[in-house]
Amino acid sequence: MRKTKKPASPLLALVVSLGITPLTVHAAMVGPDDMSFYDPPQMTSGAPGDLTWYRQTTVDLGTGAVAHQAWNLVYRSTDAKGDGNRVTGTVLVPDSPWQGAGERPVISYAVGTHGLAQRCAPSLQMADGTDYENANIAAALQAGYTVLVSDNPGYTTGDTPTYMSGAAQGHAVLDIVRAARQLPGSGVTGNTRVAVWGYSQGGQTSARAGELQPDYAPDVDLVAVASGGTPADFFDTADYLNASTGSSFLLQAVIGLAEQYPQGIPLDTLASPYGKAEIEKVKADQCVFDTLFDYMNKDIAEYTVGNQSLGQLISIPSVHDTLEEQALGGEKMPVPIYQYHGTADEFIPLEQHLELKKKYCRKFSNVTFGVYPSEHIVTQFQAAPTVLAWLDDRMAGQFTLGTCLTLKPRPTANANPGGGDFVVTLDQWPLDANIHLATLDQDVKLPEESTFTADTNMTAGTLDGDLSVPDFSTKLNIVLPLDVNLSVEPSSGTSGSASLDNQGQLHVDGQAFANITVKSAGSGVLQIPFGCKTESPVAFPVVFDGPISDLGAGNLTFTGTTTFPPMKSCGMFNSLFTTLMSGPGQEYSFNVSPPAPTTW
């Protein structure tokens, strides 16, 4: 059961009400309940990780999330230039006791791209129940971990986020561990085992945090890093993003890096008037899915003075040096790292992440590389169970050999071509399907080899796919228990609408059509052939509304009831089969999930 929020101290309430900003705060205080929490007292001295103030809060991680306590906090950190800054974040602790050895360990969860507007901060979105990464955060809590979620520098404090500034982000996810030690009730101590886990922007953050930890935060007991969908080489990544599906991420990276490195990327002289107007629009009120669709396939040249191309911008020495500074792999990873990537990733190129593995391996890092058969968003959530299982083993002190020494062929990318519509392809995804025959009151389970293939065009809002079901045998009580050989053969495929809204909610509304044939019936090998089938295809509505995370997490399930048409070509048994297998009220459940990952 969650505790109620604690009131601010009388002294702090007086300070806030009078509008006085203390010059020095010697100990963390309880902060106010309203948005003034994000405008804390200025600290003239202190060390990275010092906790400024905190408050108990509630977050909405969706149905099924384990009971937990949550706090917001404001803490000191360090930007990429070595200057002190303030960062906000959230600490979540499960109510149930830790089941492993020692004290409860921590996952510092490095978030992916949220957008540059202040309202996009994870702490605000988790409070509203709208954070698209809720599923992974909830899974880490379910596994028993204390979860720390930094908002990253620039959010909630009124500044422009220094998006994709790896050192600043890496410092923030390490310093929140230090801050959590000072939080009453967190259970985090100097001996707490820590892992950093992140994907996409968070993949960059987690890898950078691992590289920085030995020198920046040796007091943090880091035992593992998980880094997925990682932009390790900004030159390759920028070229991949520009004028393509994920071009909004490039625009945001330019804005974020210019905030951290104003001399390196002087936006005032590089951006055209139109570009400056678009930059202000992105910063003002756009979160990740707003920008994803609004700026898809835009060329960076559209925003520059004289329409300078990406190549021309990168050739500017200060710009080149700024991008070079974000490169990963310059240091040995001091702890085991699980890198992972989708082969169909349309946002972050696979090849440059494979090269990062080689860099780490050449420095004798302990690397395991997971290869997933899907695109960027799907992989983020499909990987969660594997990541958590791998982290569980590291927290338990189990040895891992890694995959630096492998004879497997190098993975190859198979992403949809960039520069067009945003299409998420489901390529022969396993289909777990069951049909309940109403009159017989029996279940027919489709074979394990069944698959679902589809292109979901998020730009055009269309769904176009097909079922693939091998012929199979099932036992049905038709007068007597019989072995019945059935065929479920798609007729006109699966079609309808599919869209992703600005809140990260997936909407599917379509129909799958299939002919159902009783090929034979009998006992064992003694079969009487029939060729008896439905007069017309059976329509199975495929309707889904839920978070995009369900697509990767294997929770894309279509359920409902349908009507089976009368049977034909059954000979003298036509009436029998029609009576037993036709009519309304036939229930079905189709679940589709991504194919299993491998390692390289």
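Reader: Hi! Is Asp-219 buried, exposed or partly exposed?
Author: Asp-219 counts as partly exposed, at 33% relative accessibility. Here buried means under 20% relative accessible area, exposed over 50%, and partly exposed in between (1.4 Å probe, protein chains only). This is a predicted model, where local features need pLDDT of at least 70, side-chain atom pairs count only at pLDDT 80 or more, and totals for chains, interfaces and linings use all residues. Residues are numbered from 1 along each chain as its sequence is written, and side-chain values use heavy atoms, with hydrogens and water left out.

Reader: Good to know. Which side chain does Asp-219 meet in a salt bridge?
Author: That would be Arg-181, at 2.9 Å from N to O. The term salt bridge stands for a side-chain nitrogen of Lys or Arg within 4 Å of a carboxyl oxygen of Asp or Glu. Asp-219 sits in the loop between α5 (201–216) and β8 (221–228) and Arg-181 in helix α4 (residues 166–181), so the pair ties together parts that are 38 residues apart in sequence. Helices (H or I, at least four residues) and strands (E, at least two) are DSSP runs, numbered from the N terminus.

Reader: And how accessible is Arg-181?
Author: Arg-181 is partly exposed, with a relative accessible area of 26%. Together with Asp-175, Arg-178 and Asp-219, Arg-181 is linked in a network of salt bridges.

Reader: Nice. How many salt bridges does the count come to?
Author: The count comes to 13 salt bridges. One of them joins the side chains of Glu-211 and Arg-208, at 3.2 Å from N to O.

Reader: Where are Glu-211 and Arg-208 in helix α5, relative to each other?
Author: They are three residues apart, so about one helical turn separates Glu-211 from Arg-208. Glu-211 is buried at 9% relative accessibility, and Arg-208 is buried too, with a relative accessible area of 10%.

Reader: What about Lys-445, which side chain does it meet?
Author: Lys-445 forms a salt bridge with Asp-432, at 2.6 Å from N to O. This pair links distant parts of the chain, with Lys-445 in strand β12 (residues 442–445) and Asp-432 in strand β11 (residues 423–437), 13 residues apart. Asp-432 is partly exposed, at 42% relative accessibility.

Reader: Switching topic: which residues form the negative surface patch?
Author: Asp-427, Asp-455, Asp-464 and Asp-466 form it. Patches take residues with over 30% relative accessible area and no salt bridge, joining like charges within 9 Å. Asp-464 is found in strand β14 (residues 462–468) and is exposed, with a relative accessible area of 55%.

How values were computed
Patch = residues over 30% accessible without salt bridge, like charges linked within 9 Å, V, L, I, M, F, W, Y side chains within 5 Å. Areas by Shrake-Rupley, 256 points an atom, 1.4 Å probe, with all protein chains shown as cover. Lys, Arg positive; Asp, Glu negative; His and termini not counted. Charge placed at Lys NZ, Arg CZ, Asp CG, Glu CD.
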